[in-house]
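This briefing is meant to be read beside the sequence and the coordinates.

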Amino acid sequence: MNFHIMTLFPEMVTDGLSSSIIGRAKEKGLISLNAVNIRDYSNDTKHHKVDDYTYGGGAGMLMQAQPIYDCYIDIKNKIEKENGKAPRVIYVTPQGKVFNQEIVTELAKEENLVFLCGHYEGVDERVLEEIVTDYISIGDYVLTGGELPAMVMIDAISRFVPGVLNNDESAMTDSFNNNLLEYPQYSRPEEWMGKKVPPILLSGDHKKVDEWRLEQSILRTKERRPDLYEKWLSENPPVEKKKKRRKKSSEAQVIDETVKDSENNGDNI
Ligand SMILES: C[S@@+](CC[C@H](N)C(=O)[O-])C[C@H]1O[C@@H](n2cnc3c(N)ncnc32)[C@H](O)[C@@H]1O
């Protein structure tokens with residue numbers, strides 16, 4: 001996977017993505033980072049100016065169309081030469097679709113992705129119309145620049161590139177797959193500050209452990225992210241069973257049924 005980042009601060013992106021798992025993935029050649037300085041494409045050879053006042057007035061400066069367009073064309077030509085296909089171009093912007101795991105897995109299928117990082121008041125609309133394929137936000141707040149959002153997206157997407165995580169399966173069991181948050185996890189020691197690891201996790205019974213984890217995931221999602229829980233519930237409706245059973249609270253019943261349904265459906269839990 002090759003990431004191309006159009007930015008006024010390339011060192012911010014390369015420094016920020018040089019350590020830990022992403023740094024190692026880069027060293028192993030599993031991903032590549034091509035942070036390109038938009039300023040290098042300014043027609044203003046003396047001051048390398050890339051921004052100007054906005055028409056109609058208002059506070060702040062706007063990034064101009066020409067340097068961004070020329071920067072993009074250079075990147076696109078190189079990609080097309082190798083790959084024959086124009087890349088998707090993501091403008092990271094608070095005005096975009098909010099980034100989530102579904103978008104991550106979709107973007108992870110691409111071979112090349114181009115990110116445009118805005119700064120100041122943003123970017124001249126005309127170049128956005130010309131080159132951008134996707135408008136994506138990392139949340140409903142405004143940052144000073146697009147570098148951090150681009151880094152967030154690159155990190156999340158890289159986790160789905162085969163080989164980047166030691167255990168590829170962990171990307172599939174993390175929160176948000178199947179619209180559930182991940183279950184609580186514990187490591188050694190078995191007891192800490194008087195708190196014991198749930199005995200089921202020490203039982204060695206993998207089926208029971210899976211059932212417990214699913215149950216915990218459901219409870220946690222319901223409590224912390226009711227919006228996700230509703231989504232999950234609509235995809236996993238409890239099935240009415242005719243069997244006589246002990247009377248349970250309605251919540252426990254929903255969980256009980258769903259654990260069974262998921263087992264029957266062979267869900268990846
Ligand atoms: C100060 S912001 C400009 C905000 C713009 N004037 C607006 O109101 O939509 C500068 C740049 O930071 C980036 N940015 C800021 N907040 C962001 C967010 N929540 N998600 C993605 N990018 C963001 C964008 O690239 C944006 O062009």
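The points below are grouped by topic and concern a predicted model.

**Sheet and covering helix**

- The sheet is open and is formed by five strands in the order β2-β1-β6-β5-β7, with parallel pairing.
- Its edge strands are β2, covering residues 32–37, and β7, covering residues 134–137, each of which pairs on one side only; on average, and with direction ignored, neighbouring strands of this sheet are turned by 30° against each other.
- Strand β5 (residues 88–98) and strand β6 (residues 112–117) run parallel and are joined by five bridges, and within this pairing Val 89 has Val 114 of β6 as its bridge partner.
- Helix α3, made up of residues 65–83, lies across β1 (2–7), β2, β5 and β6, and runs at about 165° to β1.

**Nonpolar surface patch**

- A nonpolar patch on the surface is formed by Met 12, Tyr 141, Leu 143 and Leu 148, which together have about 360 Å² of accessible area.
- Met 12 belongs to helix α1, residues 10–16, and counts as partly exposed because its relative accessibility is 34%, a value between the cut-offs of 20% and 50%.

- Glu 110 is placed in the loop between α4 (101–107) and β6, and it is buried because its relative accessible area is 17%, where buried means under 20%.
- Apart from neighbours within four places in sequence, Glu 110 is in contact with Met 1, Lys 85 and Arg 88.
- Glu 110 and Pro 87 are 23 residues apart along the chain, while their C-alpha atoms are separated by 8.3 Å.

Note on methods
Residues are numbered from 1 along each chain as its sequence is written. This is a predicted model: local features need pLDDT of at least 70, side-chain atom pairs count only at pLDDT 80 or more; totals for chains, interfaces and linings use all residues. Side-chain values use heavy atoms; hydrogens and water are left out. Two strands pair if DSSP finds at least two bridges between them. Helices (H or I, at least four residues) and strands (E, at least two) are DSSP runs, numbered from the N terminus. Axes are lines fitted to C-alpha atoms, for helices over the stretch in contact, and angles run from 0 to 180 degrees between N-to-C directions. Contact means heavy atoms within 4.5 Å. Patches are made of residues with over 30% relative accessible area and no salt bridge: like charges are joined within 9 Å, nonpolar side chains (Val, Leu, Ile, Met, Phe, Trp, Tyr) within 5 Å. Accessible areas come from the Shrake-Rupley method with a 1.4 Å probe; for residues, only the protein chains shown count as cover. A salt bridge is a side-chain nitrogen of Lys or Arg within 4 Å of a carboxyl oxygen of Asp or Glu. Buried means under 20% relative accessible area, exposed over 50%, partly exposed in between (1.4 Å probe, protein chains only).
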